[in-house]
Amino acid sequence: MDERMIVALDTDAETATALARSLRGRARWLKVGMTLFYSSGPGIVRELLDDGFEVFLDLKLHDIPHQVAGAAREVARLGVGMMTVHASGGLAMVTAARDGMIEGASEVGLRPPRLLGVTVLTSMDASSLAASGVTDAPAEQVLRLAQVARDGGADGVVCSPLEAKEMRRLLGDEALVVTPGVRPGGSAPGDQSRVSTPREALIAGASHVVIGRPVTEAPDPVAAFDEIVSGLREGEWTR
């Protein structure tokens, strides 16, 4: 079982449940994002937890601090291992997310999730950032938002693999650096702009890599998962 790989279940509940069960004993972490959560609600999270998985609930909270605190409190009560908040919402919002999740977890006697600040989405490049009013390069904006996440008490960040090395340097050895935008060699990037292979991401400093469609849309998802994990284990490296 490889703890560095997170399989993104961005699909319907029936498909997600079947896929998860096929990966039992292989994958530890599963990502539940907006598509699955909005269609199935908290029940799918509880089901995956009951099946023995760790759940990364990736809802990318972004609202006024009061609303984010309340949402984070409810997320933490589910028992997930990681959750996300948009660092672009500012220091007060990230802090509210941290405080809310600590409160929610305490209410039900659970350990709080690890909080991740989302920096710049991996689908965005310099031109799409500029269209939204951000004239800095993606790497500069990631750095700025990572500092907001850190100062707000987050346990780490979500960034593209291209920024993983700088995030590790900025945040230290204990921080989580979670990288979507990861594609095995030869895979199409799809709607991602800033990508690398899983092994490249880990060498650069990622603690976890998120992989969705190369596994979930493969003819044999279990074989695809095993092949990717095998590639991660080839050779040794240090950060």
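The residues lining the second largest pocket split into seven nonpolar, three polar and five charged. The space in this pocket comes to about 300 Å³. Its lining counts 15 residues, and those closest to the centre are Trp29, Glu54, Gly81, Arg111 and Arg114. One thing to keep in mind from here on is that this is a predicted model, so every value is computed from predicted positions.

Now for the strands, starting with S1. Strand S1 covers residues 2-8, and five of its seven residues are buried, so the rest of the structure largely encloses it. S1 has a partner in strand S2, residues 27-32: the two pair in the parallel sense, over four bridges. To find this pairing in the model, look for Asp2, which stands opposite Ala27 in S2.

Next along comes S3. S2 and S3 run parallel and are joined by four bridges, and Lys31 sits opposite Phe56 of S3 in this pairing. Most of S3 is covered, with six of its eight residues buried. Strand S3 takes in residues 54-61, and Lys60 is part of it. What kind of value does phi of Lys60 have? It is positive, near 50°, in a residue other than glycine. Lys60 has a relative accessibility of 21%, so it counts as partly exposed; the cut-off for buried is under 20%.

From S3, the bridges carry on to S4. Three of them join S3 to S4, and these two strands run parallel. Leu57 has Met83 as its bridge partner in S4. There is a helix to go with this pair too: S3, helix H4 (residues 65-78) and S4 form a right-handed β-α-β unit.

Pro42 belongs to H3, which spans residues 42-50. With 33% relative accessibility, Pro42 counts as partly exposed. Which residues does Pro42 touch, not counting those up to four places away in sequence? They are Phe37 and Leu78. Pro42 and Leu78 are 36 residues apart in sequence, while their C-alpha atoms are 7.5 Å apart in space.

Strand S4, residues 82-86, is joined to S5 by five bridges, and the two run parallel. His86 is bridged to Val118 in S5. Strand S5 runs over residues 114-118, and because four of its five residues are buried, it is largely enclosed by the rest of the structure. S5 also runs parallel to strand S6 (residues 156-158), with three bridges joining them. In that pairing, Leu116 has Gly156 of S6 standing opposite.

Between S4 and S5 the helix to look at is H5. S4, helix H5 (residues 91-107) and S5 make a right-handed β-α-β unit. Leu91 is found in H5. Is Leu91 buried or partly exposed? At 45% relative accessibility, it counts as partly exposed. Apart from its neighbours within four places in sequence, Leu91 is in contact with Val148, Asp151 and Gly152. Take Asp151: it is 60 residues from Leu91 in sequence, and the two are 7.1 Å apart in space, C-alpha to C-alpha.

Last up is a loop residue. Ser132 lies in the loop between helix H6 (126-131) and helix H7 (138-151). Its relative accessible area is 49%, so Ser132 is partly exposed; going over 50% is what exposed would take. As for where Ser132 sits relative to Pro65, the two are 67 residues apart in sequence and 22 Å apart in space, going from C-alpha to C-alpha.

Methods:
Residues are numbered from 1 along each chain as its sequence is written. This is a predicted model: local features need pLDDT of at least 70, side-chain atom pairs count only at pLDDT 80 or more; totals for chains, interfaces and linings use all residues. Side-chain values use heavy atoms; hydrogens and water are left out. Buried means under 20% relative accessible area, exposed over 50%, partly exposed in between (1.4 Å probe, protein chains only). Two strands pair if DSSP finds at least two bridges between them. A crossover is right-handed if, with the strands pointing away from the viewer, the path from the first strand over the helix to the second runs clockwise. Contact means heavy atoms within 4.5 Å. On a 1 Å grid over the protein atoms alone, a cavity is a set of points where a 1.4 Å probe fits but cannot get out, and a pocket is an open set with protein on both sides within 12 Å along at least five of seven lines; lining residues have an atom within 4 Å of a point. Grid points are joined across faces, edges and corners, and a volume is the space filled by probe spheres set on the points. Ala, Val, Leu, Ile, Met, Phe, Trp, Tyr, Cys and Pro count as nonpolar, Asp, Glu, Lys and Arg as charged, and the others, Gly among them, as polar.
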